[in-house]
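Let's walk through this model together, beginning at the ligand and moving out into the chain around it. Please keep the 3D view open as you read.

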Amino acid sequence: MKLSHEDGMYTLYSMQRSGNCYKVRLALNQLGIRYRLVEVDILKGETRTPEFLAKNPNGHVPLLEVAPGRYLPESNAMLWYLASGTSLAPEDSIDRAEALQWMFFEQHSLEPNLGSARFWLTMVKGGRELQQYSLEDWMEKGYQALGVMEKHLKGHRFFAANHYTIADIALYAYTHVAPESGFDLTPFPSIRSWLKRVANQPAYITIDWRPTVMMIAE
Ligand SMILES: N[C@@H](CCC(=O)N[C@@H](CS)C(=O)NCC(=O)O)C(=O)O
């Protein structure tokens with residue numbers, strides 16, 4: 001069954017500062033899809049309550065309620081669901097596979113390093129001391145991932161299908177805020193140009209932008 005975006009308002013459980021949640025808010029905005037937003041504070045343990053775990057046993061945001069009682073976790077799965085049938089989700093089989101390739105790369109090589117460094121350095125008091133050894137590893141592996149992206153972007157304007165897709169949205173989320181946790185993007189000129197291209201896309205919103213209809217986490 002294909003759910004129609006027009007039929008009901010989706011509910012997105014999201015934390016404003018989270019890059020994974022930002023991906024979904026950005027896509028929803030660019031696709032012109034209305035939704036209710038439930039702000040969830042992971043630092044207060046709100047993803048670990050019995051009520052939240054009943055919705056997502058993995059205890060993570062973002063989480064999208066696509067129909068009453070039907071919950072979709074995983075940011076990149078949400079991007080595919082929401083963008084399906086639009087130019088943001090390539091249909092040609094090799095373009096689609098390449099978009100997927102970059103979205104798996106994002107979850108395996110980029111987000112665990114850039115996202116973890118950002119979480120501990122910008123959101124947790126004393127995080128630098130607590131994660132001293134992991135941080136070295138996250139920085140090293142994060143720079144490796146940025147190197148792979150730089151190499152690709154030297155010869156391509158976007159990551160897949162020769163145009164802006166959900167692969168760009170997925171990779172943009174943590175890359176554009178990488179300097180907040182000490183990553184220096186100066187040696188990556190192609191990444192910096194791509195970041196500008198993404199920020200110039202229609203209906204682009206920043207990570208701080210909030211929709212006007214907002215619910216309070218129950
Ligand atoms: N692979 C997941 C990762 C989601 C994730 O790590 N969410 C973090 C916030 S960015 C979270 O909810 N952490 C709360 C917790 O672990 O309790 C996705 O892409 O959606």
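How far does a polar side-chain atom of R48 lie from an oxygen atom of the ligand? The distance is 2.8 Å, which falls under the heading of a polar contact (a pair of N or O atoms within 3.5 Å). The model you are looking at is predicted, so local features need pLDDT of at least 70 and side-chain atom pairs count only at pLDDT 80 or more, while totals for chains, interfaces and linings use all residues. Residues are numbered from 1 along each chain as its sequence is written, and side-chain values use heavy atoms, with hydrogens and water left out.

A backbone N or O atom of V61 is 2.7 Å from a nitrogen atom of the ligand, and the side chain of Q107 places an N or O atom 2.7 Å from a ligand nitrogen. Taken alone, the ligand exposes 520 Å², of which the protein buries 81% (accessible areas by the Shrake-Rupley method with a 1.4 Å probe).

Now look at the whole shell. There are 13 residues around the ligand, and R48, V61, E74, S75 and Q107 come nearest (near means a heavy atom within 4 Å). By type, the shell holds 4 nonpolar, 7 polar and 2 charged residues, with Gly counted as polar and Asp, Glu, Lys and Arg as charged.

P62 belongs to the loop between α2 (50–55) and β3. E74, in the loop between β4 and α3 (75–83), has a positive phi of about 75 degrees without being a glycine. Most residues other than glycine have a negative phi, and most peptide bonds are trans.

Finally, find strands β3 (residues 63–67) and β4 (residues 70–73), which run antiparallel and are joined by 4 bridges (pairing takes at least two DSSP bridges). L64 stands opposite L72 in β4.

Notes
Polar contact = N/O pair within 3.5 Å; in protein donor to acceptor, adjacent residues only side chain to side chain. Helix = DSSP H or I, 4+ residues; strand = E, 2+ residues; numbered from the N terminus.
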